[in-house]
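Please keep the sequence and the model in view while reading the points below.

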Amino acid sequence: MRKFAFLLLVVFVALSLLPATLLAQDAAKVTVVTCWGGPEGIGFTAVNAVFTEATGIEVEHIDDRDCHLLPQIMASAGNPPDISGMPRPGVMAQMAREGLIIPLISGDDPVMTQEFVEANYGQALIDLGSVDGEFYGVISAVSSKSIAWRRTEVFEDIGEDAPATWDDFIEYLDILAEEGIPPLALGALDGWTLTDFFENLYLNIAGPDMYHKLFVTHEVEWTDPTVISALEHFAEAVSPTDTRLYGGSDGTLARGFIDAMDAVMNGDAGLFPLASFMRSFAQANFPGQTCPDDFGSFRFPTINEDFANSVVLGGNFWLMYNDRPEVREYIVWLAGAEAQELMATQETGPQLSANFNVSADVYAEPCDGMAAAMVANAAFVAFDGSDLAPGAIGGDAMFTGLQDLVANPDSVAEVAQFIEDVADTAYDM
Amino acid sequence: MDAQSLNLNRPPSPTEALITITRRGPIHAILLIIGIVWLVPSVGLAATSFRTRGDISASGWWTVASGSRTVTDQIWELRVLASGESGENTVVAGDSISGDLLTDAVEGLPAATIGRVRIQQIIGSITVEAFEQPIEIPGVGAVTVQADGAYDFAPAAGYSGALVADIEAATAPFTAEFQLQGFESIQGELEIEEIGESERVPRAGKISVYDDGSYVFEPRQVSLAHSKRRSTRPPCLTRHSRFNTRWSAPAVPY
Amino acid sequence: MQSRRLSKLIPWFFAAPALIALTLFFVYPTIVTIFLSFTRGTITTPAKEYVGLDNYRILLTEDRFFLSFEDGIFSGALVNSFAWLIIFPTAIVLIGLLVAVLADKVKYEAIIKSIMFMPMAISATAAAVIFRLLYNQNPNLGSLNAFLAALFPNFQPIAFLGSVEFANMAVIFAGVWISTGLSVVVLSAAYKAVPAEIHEAGRIDGANAWQLFWRVSLPMLSGPVTFIAVTMIINALKMIDLVLVMTKGAPRGATRIIGYTVFWETFNNNRSGYGSAVAVILLILVMPFIIYQVRRVRREL
């Protein structure tokens, strides 16, 4: 019965896409699935128009909010798209192992040469797009999560440099508190703002391998000393909660991420550690404020020098499902500096490029350029871990665990045990 | 039967009307309270829907009608109390203060203590309800208001701030608004480590001391910079009304 | 002979569309949900593994967000839903009754009833947003804290939605605010429908206003009151939208309720079997009220 229902769904989706796929058989045409509706979709369509003009190859863009799911459903109906932008590396790995997607630089006739990829992307990002040693996904449209937002005048009046080490960071929090500015505005209602914070700590303390083992494979348990250390750093930053957190524990737990950014923009609070995409959120609510003149960000402090210059990021991996000449041409073009620069400079929906040949100067917003450069030049990278772990961990247990820590920073051991208990069963599914 | 219907048609006498109203009082009160409680969120939603996102996050929706809040200036006073002598300066926020430190204090840098810094800000306001009665303000002093609007201020021991009142020619019975200056004093020793380099004075600003004993003090401008966006927002009120750290003296029932 | 057989079939023929729709959209999903509750799996691949009553065992004994007993205090979604179950319908019926009866005696009845009914025209999401603002901890933004701060000197602002003690009550009140309009309108109509003769008879027998209400009006209103109460109990158990927008179950699970847990476990945590088990528990809890409601409606017909 269930299979029947699922089949029904598949048939339904397949039929709804039938005209598109029928046309795709025709001539030189590439179908691409992304998550980008709205302004990003408009920008992406404009980028594709440039490709069509140069090569005569039509690009059909299908946008769907469930863009990680749609290619799987289309593939199980026998009509996968040619390319898709995949926001979840976990699904990418699963599809690679199922043979749904095609390795890009392996085989006798690779889609992309090793030289081409290495001439455009850092090794850390190439590793991130690889599954079992083969390169499947070119990362694009990135965001850096290893930054903290602050208002420029708060920052400059206090007269401190951006805190480079953890000790500097804690000292900076103390100075803010001394100045009467609650140091941290966290939006704990949106649990992912806390997990981003934790992921930065963990990547920097334990490095990408351990990070992978903690979130993806669960070979490292949540009670591991490295995890405890990261949780303790988190607890250190937020305690005592009365003076470190804007609004105290309760106020923090009731606040969403946009309100937290507003508090920083208002000068009510000092810092908000969250991703580079907050720039546009801030400007939407505070028109006329420029970045980095009125507000800006600094890099998350380094805790472990062994993993200095590490970046937690989000982004889309370009994956290839069908091996046809026009598809190859399109994906190579998409990964190259020309298309990446076009995407970066769109007026509506500009996307940050991880290609290091795209200069930080091309961005209309200098802060975007800084974030893009941070990702492109990172020595160690990791994808947002809460998106890598099963939903019960990355979307719930980590949220509530870290919320517990905001409420009671002394409960590191209990929080670690709680997440481990959930993880114990969550990875079986 | 006839009498009764006649009775009903007769307009109620004032006494009867009064009885009806007083008997109905609780009914009206209950309905009024419930009505207000139920109306407030709707009105809030309506008022909020007309505001920009920035305004929504900056002030409550009920301030739409009342307009902007009072703007007060930040007043800074820097006193240097080294070697028993003091220099004094008062400045409205935004300017910088410069003056001379006692040269003695600067000798032997980079480790001399220059003294104590006292910062004053306008923080609160009080309402006076009775003339010619001294009003105690804890930690600050006592103020006595005369019926002609004049007032005396007797500072408490250890308090050196001022009190400013804006009293219109008073008529009885009397309510007058006061503006108080001060009462958040920050004192501390400050090590000057390098000549000519600016040092951070916690919660106050930056000070640079030169080898001739002169200094420049720049009050911090954090909240003033907001005025780019909302010029009506008082800097120190913003900072201090955040979570009820507003000066607590108004709690005294005047 | 044939026509009689046909006449027996005709009702089925007319009932068929409804029956098919019911089977397809109610009976079938219910059966699938009950089946899924005995399995483990994700949304895309449900029922990977048959686990028997394991989901229920974990829910009732190990999941601290569903039911936990610590330091002598029960907590979790089940307990929070219980608070909804008691407070939500009671408050709605009491306030509804109060306004219906009192407003009947004043000239501005239409105004007060409009005010009470207005929230019904506002979507739950919009209401949730405005209540988030009302409950804001910053007294410059949150009306409730501003009001309390004006009332009590030295008042320390409360983060109503961030404090474990207040959050569930705060969300329940938002729900009461939205739903009381229906109660007011229904009960007011019912109150007016009580024949004036009965009141008059009571008055002649020497009953005072209080006795008239207790002994005459209220029994006449028992039908509508029960209707409202049962409807609101079912709504309380099913509640999702308010919690989702206002608190997402935070702080620390203090506002997680059963209806919300079904959604959260199934879609956010991608545990279709576990979420189904919660849905089945919800079904079991709601069932008696639905049966009662249906029976009563049938009796009234």
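In which strand of chain C is C:Arg40 found? C:Arg40 belongs to strand E1 of chain C, which covers residues 39-40.

**Chain C**

- Chain C contains twelve helices and four strands.
- The C-alpha trace of chain C spans about 80 × 70 × 35 Å along its principal axes.
- Chain C has 301 residues, and 40% of them count as buried.
- Of the contacts in chain C between residues at least 6 apart in sequence, 63% join residues that are at least 24 apart.
- Is C:Arg40, the residue of the opening question, buried or exposed? C:Arg40 counts as buried because 20 other C-beta atoms lie within 10 Å, and the cut-off for a buried residue is 20 or more.
- Between C:Arg40 and C:Gln137 there are 97 residues of separation in sequence and 41 Å in space, taken from C-alpha to C-alpha.

**Chain B and the confidence of its prediction**

- Chain B has six helices and twelve strands.
- Of the 254 residues in chain B, 27% are buried.
- In chain B, 49% of the contacts between residues at least 6 apart in sequence join residues at least 24 apart.
- The average pLDDT of chain B is 57, and 30% of its residues score at least 70.
- Which elements of chain B have the lowest and the highest mean pLDDT? The lowest mean, 27, belongs to helix H6 (residues 235-240) of chain B, and the highest, 83, to helix H2 (residues 14-49) of chain B.
- Residues 1-6 of chain B have a pLDDT below 50, and this stretch makes zero contacts in the model beyond near neighbours in sequence.
- Residues 222-254 of chain B also have a pLDDT below 50, but this stretch has 67 contacts in the model beyond near neighbours in sequence.
- Where pLDDT is low, predicted coordinates should not be read in detail.

**Contacts between chains**

- Where chain B meets chain C, the contact takes 22 residues from chain B and 30 residues from chain C.
- The side of chain B that touches chain C consists of twelve nonpolar and ten polar residues, with no charged residues.
- Where chain C meets chain A, the contact takes 22 residues from chain C and 19 residues from chain A.
- On the side of chain C that touches chain A, there are seven nonpolar, ten polar and five charged residues.

**The two domains of chain A**

- The domain assignment divides chain A into domain 1 (22-144 + 313-383) and domain 2 (147-311 + 388-426).
- The centres of domain 1 and domain 2 of chain A, taken over C-alpha atoms, are separated by 29 Å.
- How many residues of each domain take part in the contact between them? The contact involves 20 residues of domain 1 of chain A and 21 residues of domain 2 of chain A.
- Several elements of chain A each supply at least two residues to the side of domain 1 that touches domain 2, among them helix H5 (89-97), strand E6 (138-144) and helix H18 (366-376).
- H18(A) gives the most to this side of domain 1 of chain A, with six residues.
- By class, the residues on this side of domain 1 of chain A are 14 nonpolar, four polar and two charged.

**A sheet in chain A**

- Three strands of chain A form an open sheet in the order E8-E7-E9, with antiparallel pairing.
- The edge strands are E8 (271-272) and E9 of chain A, each of which pairs on one side only.
- Strand E7 (residues 147-151) of chain A pairs with E9(A) over five bridges, in the antiparallel sense.
- Which residue of E9(A) is the bridge partner of A:Trp149? The partner of A:Trp149 is A:Ser297, while A:Arg150 stands opposite A:Gly296 in E9(A).
- Four of the five residues of strand E9 (residues 295-299) of chain A are buried, so this strand is largely enclosed by the rest of the structure.
- Helix H14 (residues 257-266) of chain A lies across E7, E8 and E9 of chain A and runs at about 45° to E7(A).

Key
Residues numbered from 1 in each chain as written. Chains lettered and ligands numbered in written order. Predicted model: local features only at pLDDT ≥ 70, side-chain atom pairs only at ≥ 80, totals over all residues. Buried ≥ 20, exposed ≤ 12 C-beta atoms within 10 Å, placed from the backbone. Contact = placed C-beta atoms within 7 Å. Domains from an automatic or database assignment. Nonpolar A, V, L, I, M, F, W, Y, C, P; charged D, E, K, R; others polar. pLDDT = per-residue confidence, 0-100. Pairing = 2+ DSSP bridges. Axes fitted to C-alpha atoms, helices over the stretch in contact; angles between N-to-C directions.
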